[in-house]
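Please open the model in your viewer and keep the selection tool at hand. The stops below are meant to be taken in order.

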Amino acid sequence: MSTTTKSRELLDRRTALEIERFLQARRLALSSVIRRGLGERQESPADEGDEEATASRTLESEVQAALVDRASRELAQVDAALELLRERRYGYCRDCAEFIGLARLRSLPFAQRCRPCQERAERTQVVESRRSLATLVTADPD
Ligand SMILES: [Zn+2]
């Protein structure tokens with residue numbers, strides 16, 4: 001009863017269409033987040049005096065900026081995934097070229113790596129950001 005048929009799983013036409021539709025919808029949603037975020041950031045009236053209000057406005061625009069930042073990064077991932085779909089290269093790990101797997105693609109439609117490669121990449125990133133932080137600290141003239 002333990003037949004682990006975890007073999008040749010591939011992206012079928014129907015799933016590809018489903019994912020493409022999802023990505024298109026996501027693309028629209030993200031574009032509107034970005035547009036709204038940028039619009040709201042521009043119309044911040046310079047009404048000084050009330051420090052508390054200024055502080056909360058700053059916080060708000062920081063949150064807004066972070067949202068826009070995250071949305072534009074996700075939008076880039078969505079665009080990349082759509083391009084891969086068009087080129088029929090979608091669903092393959094960019095590091096090991098194995099098929100990423102339908103379950104993973106369904107939950108993370110713009111995953112560009114299989115799980116093991118993603119975990120390795122994240123570990124590397126953490127190490128790298130720690131390293132650059134260390135450089136910053138040691139480069140501090142004070
Ligand atoms: Zn991989």
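What follows is a tour that begins with the whole chain and then moves to single elements and residues.

This is a predicted model, in which local features need pLDDT of at least 70 and side-chain atom pairs count only at pLDDT 80 or more, while totals for chains, interfaces and linings use all residues. Residues are numbered from 1 along each chain as its sequence is written.

Start by colouring the protein chain by pLDDT, the predictor's confidence in each residue on a scale from 0 to 100. The average for the protein chain is 84, and 82% of the residues score at least 70. Confidence is highest in helix 3, at a mean of 91, and lowest in helix 4 (residues 115-139), at 81. Now select residues 2-7, where pLDDT stays under 50 and the model has zero contacts beyond four places in sequence; two residues are in contact if their C-beta atoms, placed from the backbone, lie within 7 Å. Where pLDDT is low, the predicted coordinates should not be read in detail.

Helices (H or I, at least four residues) and strands (E, at least two) are DSSP runs, numbered from the N terminus. Among contacts in the protein chain with a separation of 6 or more, 59% join residues 24 or more positions apart.

Select helix 2 (51-86) and compare its length with expectation. The buried residues of helix 2 are Val 68, Val 78 and Ala 81. A residue counts as buried if 20 or more other C-beta atoms lie within 10 Å of its own, as exposed if 12 or fewer do, and as partly exposed in between, with C-beta atoms placed from the backbone. Of the 142 residues of the protein chain, 11% are buried.

Which residues make up the largest nonpolar core? Select Ile 19, Leu 23, Leu 30, Val 78, Ala 81, Tyr 90, Ile 100, Leu 105, Ala 111 and Cys 114, 10 residues in all. Helix 1 (13-42) and helix 2 are the elements that give two or more residues to this core, and helix 1 gives the most, with three. A nonpolar core is a set of buried Ala, Val, Leu, Ile, Met, Phe, Trp, Tyr and Cys residues joined through C-beta atoms within 7 Å. Centre the view on Ile 100, whose contacts, leaving aside neighbours within four places in sequence, are Gly 91, Tyr 92, Cys 93, Leu 105, Ala 111 and Cys 114.

Move to the loop between helix 2 and helix 3 (102-107), where Arg 88 lies. Arg 88 has a positive phi of about 60 degrees although it is not a glycine, and it is exposed because 10 other C-beta atoms lie within 10 Å. In the loop between helix 2 and helix 3 you will also find Ala 97, with a positive phi near 65 degrees.

Finally, select Arg 113 in the loop between helix 3 and helix 4. Is Arg 113 buried or exposed? Arg 113 is buried, because 20 other C-beta atoms lie within 10 Å. Leaving aside neighbours within four places in sequence, its contacts are Cys 93, Arg 94, Asp 95, Gln 118 and Ala 121.
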